[in-house]
Amino acid sequence: MLGVKVQQKGKEFELTLQLKKSASKPEQDSQLRKTIAVLTSGGDSQGMNATVRAVVRVGMSLGCRVYFIKEGFRGMVDGGDNIVEAHWASVSAIMHSGGTMIGSARCLEFKERRWRLQAARNLIQNGITSLVVIGGDGSLTGANTFKTEWPSMLEELVRSGAVEECVSAVTTNTPDYVRALPTMSEHYRLCPSTPDYIRTLPNMSKHFRLYPSTPDYIRTLPIMSKHSRLYPSTPDYIRPLSTMSEHSRICPNTPEYVEISQEEADKNSSLQVVGLVASIDNDFHGTDVTIGCDSALHRITEAADSITSTASSHQRTFVMEVMGRHCGYLAIKSAMATEADFVFIPEDPPDKDWPEKLCDKLTQERRAGKRLNIIIVCEGAADSDGNPITSDQIKTVVVNTLGHDTRVAVLGHVQRGGRPSAFDRVLGSRVGAEAVTVVTKAAATDESMVICLTGNETIHRPLMDCTVRFTVGLLHVGRPSCGMNAAVWAAVRKFSYHGYKVIGIRYGIEGFVKGDRVGMCRQLQEMSWSSVSGWVTKGGANLGISSTVACSSHDEIIALRLRENKIQALLFIGGFEVGSTFFRWLCLKVVCWGKKELLAKSPRSQLCLKVVCWGKKGLLAKSPRSQLCLKVVCWGKKGLLAKSPRSQLCLKVVCWGKKELLATSTNQFCETCLIFEGRLSTRKRENDNSYLSALHLEEGRSKHSEFRIPLVVIPATISNRVPGTELTIGADTCVNDITEMCDRLRLAAQGTRNRVFITEITGGHCGYLTTIAGIASGADDSYIFEEKFTIKDLVQHVQEMKTKMSEAGVSRGLLLRNENCNANYTTKFIHQLFSEEGKDQFSTRTSILGYSQQGVTPSPFDRAMAIKMTIAAVDWMTEQLGRHLQPDGAIAANTPDTAVMMGILHRNYKFTPLRDLIVDTDFE
């Protein structure tokens, strides 16, 4: 590793960079004698040369052989002179130069496996076992793919060695200039459909094309230019065939008949890859600063400083456009460094009224005596509606509104050029030396790493964690609650920060089902950083919400949507309420077979069931007391043994459990296990069932591989009734709104004498809102589902209210009733009772708050809780995606702990598997 030695010479200090040798890893250790290749790929940036220099010299100091791969991945594919060994003097006097001395190029061919195979063959030919890649996000992603496929590519190259090489033979009608080239067959191989003889040279020209490195001059064989696919800059004349054969290669659809021996494969069985991030945009996740961004800031500030003098002389306004298609780092940092008056960046899109705000700001500056204005705009800037904001558009606004003399300065590639700053030179040297250290110490099974700068410390992180880009789906299921938009805002921003693709599923499960039907707007839309601007302060659910719960009839279409959009994780934001249907797991143990009826007794409830129907798809058992229905999910090892309704097969049940049904038949022919899935029908009402939708998808993983992805439910419902959490998003806003409306009712009663208000509160069968709002508003009584009451209690409350009015001098009363506290003692009934019994003391009024309790603006508590819970959920999903990522890029999350409810329990965030919540959930 690099160290700094400081020596004092008189009044001056001398700083020397020294290479510290590791005591545990001697310099001559055979394990350190590796062959390292370094390449630069993608867009160039200042500081690359310093990085290359550090890799070469530190590698040689540790006894390694170091190779240059010129022209990035294209040079790796082409091989030949593009892969050359580096020497100490090769990197002398290059630190002060911008760009990269070994060249850089974007190679689209490297995205195809057949060209990666050719690149692997070239590395093996040179004995290269370690690769240091200097580039941006795309380059490091390609390097990670190359590392992942290395073992399979070795196997393929070994297998191809058994293929007999096609050697062309000369026939009697072969031209003389073909006969004179005995080595021609060594330079190319024919397509599989080509016979073993070559009839004429014009036919042969159909089977190969030129390398990109072919010189721009070729001569003597005009007929070849008609058939072969030449490099774009190649003219129609070509040079002698003897040199042509050195550059020819096969058509893209022709297999490469290259081979390596098993000995070579064993010697190069592993490939170590280390990435170094070089990008002027500083847009790579995992590092604070990338190589080149500091030098780019120097170019921008130098340009702004130069513009300032001329702008001040003529009282001009300058609009400077800087690079950053998706990242505003350069724009925001340069705006801070140059005292710019306004800045536009992609991460903070302005509202539609940005022209007015811009002009107001410029007018304010001019009134304060400022003679010039600087506006910096990032090339990827857009407003809150996604409309691009260009430098010319800004100029038009300033000129037409304020009449300023305005100029536009587009810096362009000037930001990439010039000498690197001292910071980039030192940074490149530090990360280059660290990369070699990581390579030399890496084991064969170690994953690819990337060297990052955090604070002032260089660290290495798994490359996959920084480059793999997942696709995540967001949806609401249930009812709107304040804070849902804040949760979506946090999810989109956090996922975008990680570089993930976010798909917003409008209207929940209905959006999955409808998809992109003709005549309808897209239900699955990609969401970006700017698409959720301003959502935190808004109530409701901007993404759209539906009460539809996922069921078996939706499975196929949901699986299709997940597959089409390549969604690898789902984030549900919603709650849980008992709706028209819900699931119950019953556990029974069968001890004997009967013939006439099924008698099932629960030790808990003494429930007796009688079979009245036995269909082809399941067992339907109805209880005259609870109308409970059972359906057979699994029967035995081979399937359902008793399908016929005529068999009159009956079971006797003596045990009732909680998690599963274990049924052992005493029949001598088989031992049978049953699992029953119960479905209970109640009165029709709207659902609020994100929990049940996620649970259904988790249960369907055995049938649909698309459901084997991380599933997270963030509880968001005003009723605060969700298993696995003590608080839900939206409950605080609802309590505040109920309390405020109760206060208004009290104010409305000030002009009257002795009045009682009976207010109906929402909440389903949960009395949380009624209880908390009753405490906050000082209500006289509260009626909730959890605490049963009778007519005697109501009459007693009437008497107590009359006493307060007559003796205690109270003139107003407030009663809160949960909407489902009692099916018979309705709000109307209680109103009539109080009106009749207390008519000589007070008057009675009712108030049903209804949907107004969902709120308009979320409370600060709900906003903060939604953001914190969502960030925790995103971090959990990121961990799960990395843990269950397969080599082919698929996600295989098939364990119960990958489908969870995110909740707050005992002051901590906890992720509870959905299956574990079934036992403790009150479905009734």
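Me: What is the relative accessibility of Asp405?
Reply: Asp405 counts as partly exposed, the class between buried (under 20% relative accessible area) and exposed (over 50%), with a 1.4 Å probe and protein chains only. The model is predicted: local features need pLDDT of at least 70 and side-chain atom pairs pLDDT 80 or more, whereas totals for chains, interfaces and linings use all residues. Residues are numbered from 1 along each chain as its sequence is written, and side-chain values use heavy atoms, leaving out hydrogens and water. For Asp405 the relative accessibility is 30%.

Me: Which residue meets Asp405 in a salt bridge?
Reply: A salt bridge requires a side-chain nitrogen of Lys or Arg within 4 Å of a carboxyl oxygen of Asp or Glu. For Asp405, the N to O distance is 2.4 Å, and the partner is Arg407.

Me: Which residue in E21 is the bridge partner of Val477?
Reply: Strands pair if DSSP finds at least two bridges between them. Strand E18 (residues 471-477) and strand E21 (residues 569-574) run parallel and are joined by six bridges. Within E21, Val477 has as its bridge partner Gly574.

Methods:
Helix = DSSP H or I, 4+ residues; strand = E, 2+ residues; numbered from the N terminus.
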